[in-house]
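Subject: Handover of a structure

Hello,

Please find the structure below. My notes on it follow.

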Amino acid sequence: MGWRLTLRPYVLIVPALLLTCGILYPFGLGLYYTLFDFSASKPQPDMVRFENYSTVFTQEAFWNSAWVTVLYAVGAALVETVLGVAVALLLHRPTLVGRVLEKILILPLMIAPVIAAIIWKLMLQPSVGVVNHLLKPFGLGGVQWTDTPTGALLSSIAVDVWVYTPFVAILALAGLRSLPTSPFEAAAVDGAGWWYTFRRLTLPMLWPYVLVAVIFRFMDSLKVFDIIYALTEGGPGDSTVVLQIRAYLEAIRFQRYSFGISYTIVLWAVVYLAAMVLVKHLGKIQRKAAEVTT
Amino acid sequence: MITLSGIRKTYGKTVALDGLELEVREGEFFCLLGPSGAGKTTTLKTVAGLEQPDSGTVLLGGEDMRGVEPYDRGVAMCFESYALYPHRSVYDNLASPLRSPRYRLPAAEARQRIGAVAELLGISALLDRPVGRLSNGQRQRVALGRVLVRPAKAFLLDEPLSHLDAKLRQQMRAELKAIGEVRHTTTLYVTHDSVEALALGDRIGVVREGRIVQTGTREEIWYQPYDTEVARAFGRPRINLLPGVVTESGVRSDGGVELPVRSRATPGTDVLVGLRPRDLALRGPGHELTGTVYVTEVLGRSVEVTVRLGTGERRVSLVAPRADAARLRPDDPVRLVVRPENLLLFEADRPERPGRRIETER
Amino acid sequence: MRKRLAGWVCDAALVLYFVFALFPIAWMVILSLKPTDQLFSTYFSFSPTLDGYRTVLGDSEGIPFVRFFVNSLVVSVGAVVLSLVVGLPAAYASARWRFKGSENLMFTLLSFRFAPELTVIIPLFVLYQKLGLFDTYVGMVWVLQLVTLPLIVWIMRSYFADLTPELEQAALLDGYTRKQAFFRVALPLVKPGIAAVSLLAFIFAWNNFVFPLILTSNEAQTVTVGALSFLGGDRPKYNLTAAAALVSVVPPLLLALTIQRYLVRGLSFGAVKS
């Protein structure tokens with residue numbers, strides 16, 4: 001075999017490889033930094049080995065952030081999945097309303113999350129925000145949306161849900177459209193009810209598509225930053241300081257670079273582990289769905 | 001003209017070609033026959049330079065093709081998928097080779113050439129149509145046209161007729177060999193259809209699991225098949241293979257049927273005797289066998305008769321003229337005639353290894 | 001009868017969701033049209049004015065929003081172009097030849113998609129200040145590769161993989177070189193995919209917030225950070241914030257509506273095809 005033939009694919013990926021290295025370099029550099037006590041006040045850092053990590057894990061602030069992050073990610077992913085699948089099912093019916101609304105389904109998804117947070121911040125303002133104004137007739141004025149710990153977390157999740165529910169809905173809708181029709185026709189002939197059909201046919205076959213969406217949403221919301229930064233800045237108190245916000249505060253606000261990066265490395269490990277588990281599960285689910293179809 | 005020797009090609013752990021040897025002579029129409037997955041397409045692509053063999057050499061016109069790019073090999077290929085450019089018209093598809101740096105023709109000449117080829121294939125009316133709006137038969141003609149439109153040292157045709165319906169396939173089969181370009185150019189033709197191979201091939205190569213099992217003219221393949229599997233591959237209804245044991249005077253099959261095949265095989269060897277349905281008759285000279293009619297099936301002017309041989313359950317099929325078989329009913333006693341020289345003898349089949357043919361003595 | 005009732009309930013539920021989804025956008029439009037003196041005195045009845053937009057686009061609040069807008073445009077287009085030039089050959093190579101280098105590259109790129117941005121940004125924050133790339137276009141285009149390159153390579157690979165290699169092989173036998181086969185046969189067939197993925201990558205680059213927040217301060221700052229700065233200050237200028245937010249979401253929204261058909265594959269990184 002001519003060497004030119006063997007070499008060709010490598011030549012084609014070399015630019016991408018170089019660029020990738022350009023992104024990997026800071027990542028590696030960051031990993032290296034975590035072994036030192038590098039900060040703005042200490043530009044000539046000393047090697048501290050794994051001290052940064054041990055500090056992270058012994059800090060109460062870390063465990064608080066980790067807990068908030070998990071609450072946020074699970075809450076957002078859960079609501080988005082249920083709501084997204086419901087919207088997809090509703091849109092899947094051949095009605096005029098559905099066809100019209102489907103066209104504008106993606107709008108919130110295409111708005112920058114930070115802008116979405118700004119929009120909601122204006123609406124949720126307790127005294128002059130429009131949400132409280134609209135709730136007044138129901139005797140619910142004056143809700144302190146982002147000013148209580150629970151309220152702040154729920155509001156952040158609400159913004160996440162507002163932006164990303166269409167993401168789940170779009171993938172679920174694509175899944176619904178690609179399902180084979182024959183099992184449903186068979187079920188209809190057998191006189192199966194709506195609920196039975198949904199639980200025994202639609203859901204198992206749709207699940208792989210939904211799970212792809214869930215994986216994306218769960219892993220993305222583990223590293224949420226924009227929405228919290230713009231909506232609550234982590235407050236009130238520490239109640240919405242998710243891990244990326246904590247890393248930002250440590251590294252950029254307090255300029256303790258090494259320590260801040262340690263936070264993101266830990267987060268990265270968590271995301272990676274979550275991804276492994278979910279992807280493995282996805283494989284299993286896909287096989288099961290294939291069985292239902294046959 | 002085309003010589004492949006010791007070609008080995010693997011994809012990961014699957015072996016596609018396992019030491020394939022092949023020689024196609026100048027101007028010959030060579031059919032490569034085999035089931036899907038046998039390595040036929042890989043063979044073609046290896047000749048074309050689209051696949052690089054792990055080992056072995058490809059010679060085209062005596063030249064070693066190692067490291068020679070597909071566009072420098074001067075062969076034309078018709079893909080099973082037709083590989084027409086879906087975004088272009090029929091004309092542009094046919095013109096594609098004539099606009100390439102390698103086979104460029106001045107526009108006027110190209111138009112003339114395309115017109116002639118389109119005329120030949122009966123697709124002149126389709127030239128302005130986008131390929132996406134053609135039927136399978138039309139696509140197949142366009143794909144063939146793209147092969148014929150430019151000069152080529154050899155044509156490589158990969159199951160060009162397989163996607164056509166039966167009637168169209170028969171018609172195209174007849175046309176294909178009548179085309180002058182095809183008659184005069186070395187052609188390597190891949191098919192899984194033995195009828196097609198017998199009808200078209202000057203010589204036939206039978207491929208199995210990445211190797212050529214037998215190469216020969218249709219007569220050689222028909223009368224001297226390499227083993228039972230080759231014998232089974234050709235002829236419909238299939239060859240009858242009767243298990244038996246070699247005796248001093250011939251072979252004795254189940255149910256006490258004596259068959260006059262003599263060979264050097266030692267008496268007592270388990271063998272299979274092959275009788276082609278077309279070589280059995282209900283009357284005429286030859287060795288006689290007795291049996292009872294099992295079932296008859298009318299095939300137009302002839303009848304396929306299945307007969308229970310002797311006293312056993314063993315059945316053979318034969319094809320007889322309608323006049324001879326018209327009055328036969330199930331369970332009627334019949335006499336079958338076979339010419340001893342048409343009998344084939346094989347070793348008994350073993351698992352994973354079809355029985356080889358044993359040379360018979362006339 | 002029961003069936004029709006169920007249909008109405010479903011339609012009502014759907015409309016309810018869409019009210020939730022669309023009201024915030026509508027409210028922004030209303031807010032952005034309010035004059036400053038009516039900002040908090042009324043909700044729905046007011047005398048609409050474009051003053052908010054004039055102020056935002058006239059840079060009169062000390063926030064050079066037009067420049068931020070141009071910056072967003074420059075760095076997003078720059079990032080997409082670089083990713084395309086570098087990513088298309090890689091996507092093609094890894095779709096056509098499965099080999100170790102390309103699989104590693106693909107996996108690394110996918111892991112970028114799920115890596116916390118700050119892992120890379122904090123070291124870059126230090127590095128850029130040393131290299132003089134802080135607050136520059138080049139610095140932004142570089143770091144945005146983290147967003148655009150994985151997207152473009154993964155999705156274009158799925159498009160190339162959908163294309164039977166026999167088309168290019170036929171071109172080779174027609175007498176074209178491999179380069180010509182790529183440019184004359186493969187590329188035209190994936191053009192819709194390229195267009196869609198470029199727009200999607202542009203949208204994601206445009207919508208990015210963390211990178212410009214940390215790696216720019218003024219010269220190369222983009223609209224997402226710019227819009228947020230309207231919220232600062234002692235007196236909240238809601239109408240200006242709303243106007244700035246709306247101006248900054250116009251490009252992605254318009255583009256998104258043009259690529260609806262290709263969105264599914266793009267959003268799912270090629271995992272789901274429609």
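How many bridges join strand 16 of chain B to strand 20 of chain B? Two bridges join strand 16 (residues 280-281) to strand 20 (residues 333-338) of chain B, and these strands run antiparallel. Strands here are DSSP runs of E with at least two residues, helices are DSSP runs of H or I with at least four residues, and both are numbered from the N terminus. Two strands pair if DSSP finds at least two bridges between them.

Some notes on the source come before the rest. This is a predicted model, in which local features need pLDDT of at least 70 and side-chain atom pairs count only at pLDDT 80 or more, while totals for chains, interfaces and linings use all residues. Residues are numbered from 1 along each chain as its sequence is written, and chains are lettered from A and ligands numbered from 1 in the order in which they are written.

Chain B: strands

Strand 20 of chain B holds Val337(B), the bridge partner of Ala281(B). Strand 20 of chain B also pairs with strand 17 (residues 287-299) of chain B, in the antiparallel sense and over six bridges. Leu289(B) stands opposite Leu336(B) of strand 20.

Another part of chain B has an open sheet of six strands with mixed pairing, in the order 6-7-8-3-9-10. Strand 6 (75-78) and strand 10 (211-216) of chain B each have a single partner strand and stand at the edges, so one side of each is left without a neighbour in the sheet. From one strand to the next, the twist averages 20°. Within chain B, strand 3 (residues 29-33) and strand 9 (residues 203-208) pair in the parallel sense over four bridges. Leu33(B) has Val206(B) in strand 9 as its bridge partner. As background, strands of a sheet pair through backbone hydrogen bonds, either parallel or antiparallel.

Helix 4 (residues 136-148) of chain B lies across strand 6 and strand 7 (154-158) of chain B, and runs at about 180° to strand 6. For such angles, axes are lines fitted to C-alpha atoms, for helices over the stretch in contact, and the angles run from 0 to 180 degrees between N-to-C directions.

Chain B: domains

Chain B has a domain 1 (2-232) and a domain 2 (239-361), with bounds that come from an automatic or database domain assignment. Taken over C-alpha atoms, the centres of these two domains of chain B are separated by 38 Å. Eight residues of domain 1 of chain B are in contact with 11 residues of domain 2 of chain B, where contact means that the C-beta atoms, placed from the backbone, lie within 7 Å. The side of domain 1 of chain B that touches domain 2 of chain B has three nonpolar, two polar and three charged residues. In these classes, Ala, Val, Leu, Ile, Met, Phe, Trp, Tyr, Cys and Pro count as nonpolar, Asp, Glu, Lys and Arg as charged, and the others, Gly among them, as polar.

Chain C

Chain C has 12 helices and zero strands. Its C-alpha atoms fill a box of roughly 75 × 70 × 30 Å along the principal axes. Of its 274 residues, 51% count as buried (20 or more other C-beta atoms within 10 Å of the residue's own, all placed from the backbone). Among the contacts in chain C with a separation of 6 or more, 75% are between residues 24 or more positions apart.

The domain assignment of chain C gives domain 1 (2-53) and domain 2 (64-267). Their centres are 32 Å apart, taken over C-alpha atoms. Nine residues from domain 1 of chain C and seven residues from domain 2 of chain C take part in the contact. On the domain 1 side, helix 1 (2-32) and helix 2 (51-57) of chain C each supply at least two residues, and helix 1 of chain C gives the most, with four residues.

Where chains C and B meet

Between the two chains, 14 residues of chain C are in contact with 18 residues of chain B. Helix 7 (165-173) and helix 8 (178-207) of chain C each supply at least two residues of the chain C side. The largest share of that side, six residues, comes from helix 7 of chain C. By class, the chain C side has eight nonpolar, four polar and two charged residues.

Regards

Methods:
A residue is buried if 20 or more other C-beta atoms lie within 10 Å of its own, exposed if 12 or fewer, and partly exposed in between; C-beta atoms are placed from the backbone.
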